[in-house]
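Hi everyone, thanks for coming. Let me put the sequence and the structure up on the screen, and then we can walk through them together.

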Amino acid sequence: MLQLGVGLGSGMLTRAQELRTLGKPLSGYGERSPYVKAARTTRQSKTPEAGSSASPLAEQYGILTPSALHYERHHAGVPAIDPAQHTLLIHGLVNRPLVFSMADLKRLPSVSRIHFLECGGNSGSEWQPKTGVDVQRSYGLASCSEWTGVPLRTVLELVGLKPEAKWMIAEGADACRMQRSVPLGKELDDAMLAYGQNGEPLRPEQGFPLRLLTPGWEGNIQVKWLRRLHVTAEPYYVRDETSKYSDLMPDGKARVFTLMQEAKSVITFPSGGQRLPGAGRYEVTGLAWTGRGKITRVEVTFDGGQTWQNAPLDAPVLRKAFTRFRLPWVWNGKPAAIASRATDESGYVQPTREELIAVRGTNSGFHFNGIKVWNIGADGSVTHVEA
Amino acid sequence: MWRLSLLLAGALRMAAQEVGRAPEAAEVRQYGLTIAPDGKGLPAGKGTPAQGRELFSAKCARCHGEKAQGDIGPPLVGGQGTLATKKPLKTVGSFWPYAPTVWDYVHRAMPFDKAGTLAPDEVYSLVAYVLFLNGIVPENATMDAKSLAKVRMPNRDGFIPDPRPDVKRK
């Protein structure tokens with residue numbers, strides 16, 4: 001129960017006796033309240049420079065992830081780059097190879113757009129019987145920011161693509177010089193070379209000072225700390241698009257360039273690890289997103305999928321962005337199995353875990369977008385469902 | 001005279017509209033290599049499994065294990081024939097489709113904490129050794145730009161395009 005009149009319990013103070021302490025002075029760069037503790041997942045590792053930290057989605061309001069809580073996935077640590085020294089080379093099958101400084105790029109017409117970013121390995125645990133216990137550890141390698149940068153098309157027009165140019169090898173300035181082959185097509189209409197995130201320069205963890213942004217595609221191809229685009233006729237089948245981020249099927253074949261992040265949603269409240277203090281009024285809420293454009297519908301079930309009802313979506317619904325759904329709910333205090341199911345503008349409906357596994361088996365590893373079910377116990381505890 | 005100044009003004013205006021600058025050839029080289037799966041981009045140099053064994057022990061075994069069986073770092077050997085089983089083991093030998101890609105990755109990203117320090121001959125030697133451990137090249141093989149491009153990896157045809165959307169509703 002909410003306590004009304006906090007602090008009024010023992011001996012009410014008169015107005016004159018009220019204790020007040022002078023607050024903190026002005027500051028150059030703000031910090032959150034010390035009472036707010038939401039944090040990315042971190043774990044002990046002998047190689048902490050390579051790994052991922054998941055965003056606490058259940059503690060996020062609205063659709064924007066605070067930059068400091070944006071999920072991380074690094075392969076060779078976060079480089080410390082002086083933007084004044086950073087350059088982007090575009091060469092290969094172009095008419096005019098060019099080197100751009102950050103100052104050069106900022107002279108070009110810019111755009112700001114809100115887009116989600118999701119690791120291709122997000123929810124990887126869900127392929128296995130031991131699924132993630134809470135939202136953060138099962139769906140937390142996804143975040144959403146307002147990104148600012150130059151449309152990729154603008155920059156490619158400056159260098160001029162040759163007719164045989166069909167791909168580009170994007171390369172980062174991290175220690176491993178992360179490379180990915182990026183197909184050049186109309187799918188890149190909304191791609192940008194981003195230097196801004198949520199109103200300030202990119203965070204180092206998200207690629208400061210420059211990253212590739214290909215909205216709707218898996219995070220790994222949106223190369224951070226972008227230093228080079230080598231335009232080619234063919235993909236290069238580099239390590240991180242064959243050995244990693246490919247989807248192994250039951251017949252032993254692996255799908256490559258599975259770039260699209262398909263429609264997905266998850267209830268963030270109530271969700272695994274939380275506890276409902278008692279029967280009564282609540283707001284069920286969560287996030288939905290799709291690489292194919294806009295979310296058109298989110299349905300919620302309270303009976304493990306037997307019946308579904310539409311959950312209102314926060315307006316405006318943005319393309320390739322987190323979409324917030326909210327549904328008032330009165331809990332009767334009895335056990336419930338709750339889940340959300342997203343539909344996008346292509347008509348694609350988020351599948352169940354079982355439907356995904358029926359097609360792809362359990363060794364796929366990447367691109368899991370199944371429905372996540374939470375069990376609510378009579379005691380109000382919220383737990384995940386193991387397969 | 002006015003014609004000349006007009007031309008100059010035009011040229012200046014053009015220059016002002018240009019964003020970015022043309023790189024020198026040496027500057028492009030400094031950015032480093034990009035290696036195509038057919039070996040295009042591989043530099044001069046060569047190495048053998050025997051040379052690779054010594055280097056591996058000194059520079060790689062710490063993470064990948066003395067026999068490349070995996071430790072902190074992933075295993076680099078074994079797994080052939082496991083991809084369609086319940087416990088697939090993805091390694092250079094069982095999974096990677098192209099040998100030049102192995103060269104590219106070792107050269108670009110390894111060793112983990114000293115990436116970019118291996119000379120081309122060292123990379124050829126290490127790749128030769130790992131391919132030898134996987135039974136892909138003989139012990140007396142010499143790997144260079146030409147021979148590496150000719151290596152046929154066991155899982156060369158193991159990759160297929162994205163068929164999604166692939167999940168049908170019940």
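Predicted model: local features only at pLDDT ≥ 70, side-chain atom pairs only at ≥ 80, totals over all residues.

Residues are numbered from 1 along each chain as its sequence is written, chains are lettered from A and ligands numbered from 1 in the order in which they are written, and side-chain values use heavy atoms, with hydrogens and water left out.

Grid points are joined across faces, edges and corners, and the volume is the space filled by probe spheres set on the points.

Two residues from that lining deserve a second look. His367(A) has a positive phi, near 60°, though it is not a glycine. You will find His367(A) in the loop between α5 (353–360) and β21 (374–376) of chain A. Helices (H or I, at least four residues) and strands (E, at least two) are DSSP runs, numbered from the N terminus. His367(A) counts as buried, at 4% relative accessibility; buried means under 20% relative accessible area, with exposed over 50% and partly exposed in between, using a 1.4 Å probe and protein chains only. Then there is Arg164(B), which a cis peptide bond joins to Pro165(B), with omega about 5°. Pro165(B) lies in the segment after β3 (159–160) of chain B.

Chain A has a cis bond too, from Phe208(A) to Pro209(A), with omega near 5°. Pro209(A) is in the loop between β10 (200–201) and β11 (211–213).

Now for the largest cavity, which holds about 190 Å³ of space. It has 20 lining residues, and the closest to its centre are Arg73(A), Arg211(A), Gly219(A), Asn220(A) and Lys224(A). Strand β2 (residues 72–74) of chain A gives the largest share of the lining, three residues. By class, this lining has seven nonpolar, seven polar and six charged residues.

Let's move to the cores. In soluble globular proteins, nonpolar side chains tend to be buried together. A nonpolar core here is a set of buried Ala, Val, Leu, Ile, Met, Phe, Trp, Tyr and Cys residues joined through side-chain atoms within 4.5 Å. The largest has 77 residues, and Leu193(A) and Leu131(B) have the most contacts inside it. Helix α6 (residues 120–133) of chain B supplies the largest share of this core, eight residues. Apart from it lies another core of 36 residues, including Leu276(A) and Ile376(A).

What about chain A as a whole? It is divided into domain 1 (74–255) and domain 2 (264–384), with bounds that come from an automatic or database domain assignment. Their C-alpha centres lie 28 Å apart. Across the boundary, 35 residues of domain 1 are in contact (heavy atoms within 4.5 Å) with 34 residues of domain 2.

Finally, chain B. Its secondary structure comes to seven helices and three strands, and 43% of its 170 residues count as buried. Why is helix α5 (residues 99–109) of chain B said to be largely enclosed by the rest of the structure? Because ten of its eleven residues are buried. Among the buried ones are Trp103(B), Tyr105(B) and Arg108(B). Their cover includes β7 (167–172), β8 (179–183) and α4 (239–242) of chain A, together with α6 and α7 (145–150) of chain B.

Terms used
1 Å grid on protein atoms, 1.4 Å probe; cavity = no way out; pocket = protein on both sides within 12 Å on 5 of 7 lines; lining within 4 Å. Nonpolar A, V, L, I, M, F, W, Y, C, P; charged D, E, K, R; others polar.
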